[in-house]
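Hello,

Please find the structure below, with its sequence. My notes on it follow.

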Amino acid sequence: MKIYIFVDMEGISGVSGSDFVKSDGRLYATARRYYTQDLNVCARACFKAGAEAVLARDGHGSGNHVLWDELDPAIELVQGGTGTVRLPGITECQGLILLGYHAMAGTAGALLEHTYSSASIQNLWLNGRRVGEVGIDAAVAGDYGVPTILVSGDDYVCREAQEWIPGVVTCEVKKGLGCQAARLLPRSEAHRRLEEATLEAIGCLAKIKPLQVSHPVTIRTEMM
């Protein structure tokens, strides 16, 4: 069994605003550590649950944020821009984890809510249904027959994931208090929850179905 972990930064435990997630932000170096730590916790739990391999995609912004020298050496990593290929290597894997995700654009109260670009995209619809990155990425994986088994982040993205993916396991590591604020769990508790949720998700892998959407797919974008 091989598990794919797509990691984003906004929903990582310990991250609570834009100063963390922008490369010129004063807390960006700190966020890179938190980002790498959450990935390590999740991947190690995958191995503990019986995975033989983990392929991680550094998916925030330019895709060059994971601290490679602090990454568990058992994790294979995809870094850098991959063009239109959103999930390179997904066909090798049996399950997808969306780690550190955020709610879709326009979600009132959610931390750092947006859909791909907070500067240019107001809303996105998939086959007439308003969608964020959780729904899109789960649908992409579903096209290859791969189920999305776990989503982590704030309480808002966890609810969004449950609305899109029947049976998905979610891990709430913080509560959104607005676009630039969150109520954070203690680090040890966030990591404990993430480990437990990963173990649960791997255990449920056979029961969670890939997200299937009708084809041909229609995507409508409302620009700012």
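Leaving out residues up to four places away in sequence, Ile 3 touches Cys 46, Ala 51, Ala 53, Val 54, Leu 55, Cys 93, Gly 95, Ile 97, Ile 149, Ile 202 and Leu 205 (contact means heavy atoms within 4.5 Å). This is a predicted model, in which local features need pLDDT of at least 70 and side-chain atom pairs count only at pLDDT 80 or more, while totals for chains, interfaces and linings use all residues. Residues are numbered from 1 along each chain as its sequence is written, and side-chain values use heavy atoms, with hydrogens and water left out.

The largest nonpolar core has 39 residues, and Ile 3, Ile 5, Leu 39, Ile 97, Leu 99 and Ile 149 touch the most other members. Such a core is a set of buried Ala, Val, Leu, Ile, Met, Phe, Trp, Tyr and Cys residues joined through side-chain atoms within 4.5 Å; buried means under 20% relative accessible area (1.4 Å probe, protein chains only). Among the elements that each supply at least two residues of this core are strand S1 (2–7), helix H2, strand S4 (95–101), strand S7 (148–154) and helix H5. Helices (H or I, at least four residues) and strands (E, at least two) are DSSP runs, numbered from the N terminus. H2 gives the largest share of this core, eight residues. A second, separate core of 28 residues includes Leu 126, Val 146, Ala 161 and Leu 211.

**The sheet**

Seven strands form an open sheet in the order S3-S2-S1-S4-S7-S8-S9, with mixed pairing (two strands pair if DSSP finds at least two bridges between them). Strand S3 (75–78) and strand S9 (182–184) are at the edges with a single partner strand each, so one side of each has no neighbour in the sheet. Within the sheet, S4 and S7 pair in the parallel sense over four bridges.

**The helices**

H2 lies across S1, S2, S3 and S4, running at about 165 degrees to S1. H5 lies across S1, S4, S7 and S8, at about 160 degrees to S8. Axes are lines fitted to C-alpha atoms, for helices over the stretch in contact, and angles run from 0 to 180 degrees between N-to-C directions.

Helix H2 (residues 28–48) and helix H5 (residues 187–203) also pack with each other, at an angle of about 35 degrees and with their axes 8 Å apart. Residues in this contact include Val 41 and Ala 45 of H2, and Leu 194 and Ile 202 of H5.

Regards

Notes
Buried < 20%, exposed > 50% of the residue type's maximum accessible area, 1.4 Å probe, protein only.
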